[in-house]
Amino acid sequence: MSEIIESVKNLSIGFNSQKGKQISILRNVSTNIKKGETVGIVGESGSGKSTLALAMMGYIKQGLFPLKGECLFKSEDLLKMSSRQLEKIRGRKIAMIPQNAGQALTPNLKIGYQIDEALRLHTDLNKTERDKKISELLNKVRLPSPETMAFRYPHELSGGQQQRVAVAMALAGKPDLLLLDEPTTGLDVTTQAHVLELLRFIAKDTGTSMIYVSHDLGAIAQVSDRIVVMYAGEIVLEGPARKILKEPIHPYTYGLLKSIPKLSLAGLPASMPGSQPQPGSINEGCSFYDRCNLATDHCKKNSPDLEHIKELDTNVRCFNHKELINQNNNLQTSITKKSNNSEAIEVLKLKDVSISYAKQKFFDQLLNKISDQNPTVKDINIDIKKGETIALVGESGSGKSTILKSIAGLLKTKDGQIKFENDRILSSDLKMRNPNDLRAIQLIFQNPDESLNPNHTVEQILSQPLKLYFNLSGEELKKNIIDLLKKVRLGEFYMSRYPRQLSGGEKQRVAVARAFAAKPDIILCDEVTSALDVSVQAAVLNLLQQLKEDLGTTYVFVSHDLAVVRAISDRVAVLYQGRLCEIGPSQNVYKFPSHPYTEVLLGAVLEPDPDIKPKLVAEDIVEEKPPEKGCSFQGRCPRKIGDICNLEVPPWQIGENGNAIRCHINIDELASLQQ
Amino acid sequence: MLLLILKRIGLGLITLFIVSLITFVGVEVLPGDACTTYLEREAYGAALDACIKRLGLDVPAYERYLDWASNVIRGDFGYSLSGEMPINEVLGPRVKNSLVLASVSILIGIPLAIVLGIITALWRDKLPDIMISTITIFSMTIPEFISATLLILIVAIWLGWLPGIVIIPSDATFYELLSNIILPVVAISMIMTAHMARMVRSSVIQVMASDYVQMAILKGVPYWKMVFRHVLPNALLPAINVVALTIAWLLGGVVVTEVVFNYPGLGRLVIESISNRDLPVVQALAIILASIYVGINLIADLMTLMLNPRLKSLQIRK
C-alpha cells in the first residue's frame with residue numbers, strides 16, 4: 001500500500017449562528033489521500049466540499065472555525081500551524097488551482113511575475129534559471145508562445161488560457177499535492193475537455209496527488225481514481241471511481257447519477273425530490289431521509305455510520321445499501337417524452353436575421369449607412385413550430401443568447417425579420433410591440449437570484465404579470481397565483497416568502513411560474529438550468545416538459561450543455577460565431593453525419609462514465625470575431641479542406657436523416673469520415 | 001492612446017466653452033448690467049454713459065462675448081470694477097495663496113488618509129479600526145464651520161498658541177503664510193482625510209475579499225508582501241479619482257474655511273466679488289474654477305488609464 005500524504009481525521013467545521021448556536025457545515029469527515037492518487041470530491045452546492053478542500057490546505061474561510069478533528073499533512077496538523085509555517089507549505093507542498101482563474105489571478109500583475117513569485121517563494125533558483133523555468137512551465141501547460149505570454153496581463157488571455165496559467169503557477173513549487181477547486185466549471189465544453197486532458201497528463205507525468213473538487217460527475221469521472229461523495233457536510237460514499245459510478249450503493253449517489261442527462265440517452269433524466277437540508281437543520285436521523293426512497297422509520301431516528309464494505313473496497317453511510325445493488329442496472333434509463341404531434345403550424349419565423357453589437361456612429365446614422373459588415377449574428381433562418389422545443393446550442397460567443405434577446409425585443413436586429421403568427425412581422429423594438437405580443441413571448445433567465453426582485457414576495461412577483469395582462473385583482477388574482485404555484489409544484493404557503501427564503505430550485509420554479517402567468521405562446525429559456533444543481537436541474541427539466549405537454553407551449557431553449565439539450569429538445573440548431581452550422585431533429589443531430597463543429601462539441605462532452613473518454617478533435621482557440629468571409633468555423637475546423645472554406649460561405653446540405661448542415665464537404669463524405 | 005488623450009482634452013475644452021457661455025449668459029440675463037449694479041444709486045446720466053462706454057457695454061452681446069472670450073484665451077480677464085485694476089493682478093496672489101493652502105493640506109491629508117484607510121481595513125473590526133473609524137466618522141459629520149470655530153476657540157483663544165485669523169497682506173511670502181495656515185490646514189484636513197480614509201478602507205476591504213487575494217494566500221505569499229503587491233495597487237486605483245476631486249475642491253477655494261479664518265484665497269474672493277457685484281471678476285473666477293476641475297479630472301483619468309493594465313490594453317486594441 002502506498003504512502004498516505006494527507007489524512008483528514010474526524011474533521012468538523014462550523015460557525016456560530018446569530019442565536020449563538022454552533023452549526024456545523026462539515027461533520028466528522030475522515031479521509032486519506034495516497035501518494036500519486038487522484039481523489040474526486042463530488043457533491044452539490046452546500047455539501048461542504050470546498051470547505052473540506054480548503055481545510056486540507058489549512059485555510060478556513062472567514063466566519064468559520066474548526067470544531068474538532070485534524071488535517072494531518074505528513075503527520076503534522078495544518079489547522080494548528082502558525083501562518084509562518086503555513087506559508088512554507090502552501091504552494092510548495094500543497095498547491096491550489098482555483099475555480100475561476102480569471103478572478104484568481106491578480107489583475108495588475110503580469111502572468112510571468114505571478115509565476116515568478118511562486119518560484120521565488122518556493123525554490124532556490126536564480127533570476128536566469130527562474131526565467132527559463134517560467135517558459136518551461138508555460139510550455140508544459142501548452143500555452144502558445146510562452147516567451148511573450150509571460151509579459152501579458154491576466155485579462156488579455158481567454159478563460160482556458162487563464163486556467164492553464166493557474167495550473168503553471170501551481171506546478172511552480174513542485175507540490176506533492178494539488179488541490180483543484182472546480183477547475184473547469186465555467187469553461188466552454190471544448191476548453192474544459194482540453195484542460196482536463198492536461199490535468200490528467202500532469203498527474204501521470206509528475207506523480208502528484210490530486211484532490212479534484214467538483215459538482216460535475218462527468219469531469220470527476222474523467223480524472224479520478226477514487227471518489228468521495230459528500231452530502232450535507234458528510235461523506236456518504238467513498239470508493240474506487242469505477243465502482244461509485246457504475247454501481248453506486250448509496251441512494252443519493254444513485255439518484256444523482258440518474259438525474260444527469262446523458263448524450264447516449266434520449267428522454268428526460270429522473271429527478272430526485274426535495275433539496276439538500278440547510279446546515280443545522282438536521283437533528284436526528286439520516287441527513288438524506290427526506291429525499292430517500294429506501295428510507296424506513298429506522299433511518300428517521302438513527303443516523304447511519306460510514307460502513308466499510310470489504311468486497312467493494314467502499315465506505316457507505318446507509319442502512320439499506322444492499323437493496324440498491326440489485327437496482328443498478330437501471331442507471332441507463334430515462335423518462336420518455338411524449339412527442340408532440342407536429343401540427344406544423346409555424347408560430348415564429350426568423351428570416352435572414354442579423355444582429356450587430358457595433359454602435360452605429362452618429363454620422364453613419366444620419367447618412368443611414370450600415371457600418372458593420374460583419375455583424376455578431378448573421379443569416380439566421382429558423383422556423384419554429386407550435387408546441388415544439390427548439391434548442392439553440394453553442395459555446396460562449398456563439399450568439400445564442402443574442403438571438404433570444406432579439407426575439408424578446410430586447411435587442412434590435414440589424415437586418416431580417418422576426419415573424420409571429422401568420423407571418424405578421426414583429427418589430428424588434430420592444431416599444432413598438434403591442435401588449436398582446438409582449439404577453440405572448442415570455443423569457444426565463446439563467447439566474448433566478450438576479451431575475452427575481454429580492455424585495456418582493458412570491459405573491460407580488462406572480463401578481464405582476466396577472467395584473468398587467470389580465471387586469472386581475474382580489475380573490476381572482478389570489479386564486480390564479482395559487483394555481484400557478486400548484487402548476488410548478490409549490491404549495492400555497494410560498495406566497496408570503498421572499499426569494500432569499502427559497503432554494504435555488506424553488507426560485508427557478510417561481511421564475512417559471514412567472515413566465516407562465518402571462519399564458520404565453522412562446523417561452524424563451526436562457527440557460528435556465530445552468531445555475532442549478534444536477535438533481536434540481538432534472539426536476540426543472542421535467543417540470544418544463546410537463547407544462548409543455550399540458551399547455552402546448554413552444555420553447556426556445558438556449559443552452560451550452562449538449563446533454564441537457566438532448567434531453568429536452570425536439571429540434572436543435574447548432575451555432576458558431578453567430579452563424580448556423582447545423583439544424584435538425586435532435587435525435588438526428590446527435591447521430592452522424594454532422595457538421596464538423598457539432599462533431600467537436602459532441603466529442604468534448606464529459607459523460608459520468610470512466611469508460612467514455614472525450615474526443616479532442618479541434619484546438620481550443622478562442623476567436624474574438626467571426627471571420628469576414630467564408631465558413632464561420634474555418635479557424636478551428638479539423639476537417640478544413642482548403643481555400644474554399646476561407647472564401648465562400650458553405651451551402652446548406654440536407655442529410656438523409658433530415659438534419660441540414662452547412663459545410664463544403666459533401667454530406668456523404670462527411671458520413672464516411674465520421675464512421 | 002494619443003488619440004484618446006486628444007479626445008479627452010477636446011471634451012474638456014468643450015466643457016469650458018459651455019461654462020463660459022453659461023456664465024456670460026447668466027450675467028447678461030440678470031436685471032441691470034455691470035455698470036448699473038456697480039454704480040448703484042449713481043447709475044444715471046453722464047456717469048452711467050461714461051461707464052457703459054468704458055466697459056464697452058454699448059456693443060451687442062455676442063460681440064462682447066467674442067471679445068471677452070478671445071481675451072480670456074490670451075490670458076487677459078479684463079478689469080475689475082471695484083478696484084479698477086486688471087483682474088489678473090487681483091487673481092494672482094489669491095491663486096498663489098489657495099495653492100499654498102491646498103498643497104500643504106494635500107501633502108499632509110492624502111498620505112495620512114491612505115495610511116489610516118489601510119490600517120482600518122487590515123485591522124477591520126479590531127481596536128485600531130474601531131478607534132480610527134470613530135474619529136473619522138466624527139470629523140466627517142461635524143460641518144467645517146463648526147470645527148473651524150472650535151479650533152479657533154481652543155487653540156487660538158484658550159491656549160493662545162496660534163493666531164486665530166489670518167492677518168496677512170494678500171501678497172505675503174510663503175514663509176509668512178506658513179505659520180498662519182496651520183489652523184486652516186487642520187480644519188480642512190479633518191474633513192478631507194476622513195472622507196478619503198473611509199473610501200480607501202472600503203476599497204481595501206473589497207480587494208481583501210477577492211479571489212486573487214485568497215489565491216495569493218494559498219500560494220504561500222507572506223502577509224505583508226501580499227498586501228503590498230496584490231492588494232494595494234488594486235485597491236488604490238479607484239481612489240485616484242476621489243483624490244482628484246478632493247484636490248479640485250481644495251484648489252477651487254474652500255469657501256467656508258477661508259471665510260472663517262479670513263484667509264485671502266480664491267474661495268474668499270468668490271464671496272467678496274459676489275457681494276461687491278464685481279461681475280467681471282465673478283466671470284473670471286467661474287472660468288478659472290471650471291478649468292481647474294476639468295484639468296485635474298483629466299489628469300486623474302489619464303493616470304487611471306496608465307496604471308490600470310486592463311484599460312490600457314483595451315484602448316490600444318481599439
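**Exercise 1. How many residues does the contact take from chain B and from chain A?**

Before you start: this is a predicted model, where local features need pLDDT of at least 70, side-chain atom pairs count only at pLDDT 80 or more, and totals for chains, interfaces and linings use all residues. Residues are numbered from 1 along each chain as its sequence is written, while chains are lettered from A and ligands numbered from 1 in the order in which they are written.

*Solution.* 
- Count a pair as in contact if the C-beta atoms, placed from the backbone, lie within 7 Å. That picks out 19 residues from chain B and 25 residues from chain A.
- Next, look for elements giving two or more residues to chain B's side: these are helices H10 (211–218), H11 (223–236) and H16 (309–317) of chain B. Helices here are DSSP runs (H or I, at least four residues), numbered from the N terminus.
- H10(B) supplies the largest share of that side, 6 residues.
- Now sort chain B's side by class: 10 nonpolar, 5 polar and 4 charged residues. Ala, Val, Leu, Ile, Met, Phe, Trp, Tyr, Cys and Pro count as nonpolar, Asp, Glu, Lys and Arg as charged, and the others, Gly among them, as polar.

**Exercise 2. Describe how H19(A) packs on H20(A).**

*Solution.* 
- Take the axes of H19 (residues 474–487) and H20 (residues 504–517) of chain A: they come within 9 Å and cross at roughly 125°. Axes are lines fitted to C-alpha atoms over the stretch in contact, with angles from 0 to 180 degrees between N-to-C directions.
- That angle makes H19(A) oblique to H20(A); under 35 degrees is roughly parallel, over 145 roughly antiparallel, 65 to 115 roughly perpendicular, and the rest oblique.
- Find the residues that touch: Leu484(A), Leu485(A) and Lys487(A) from H19(A), and Ala513(A), Phe516(A) and Ala517(A) from H20(A).
- By class, you get 5 nonpolar, no polar and 1 charged.

Technical notes
Two residues are in contact if their C-beta atoms, placed from the backbone, lie within 7 Å.
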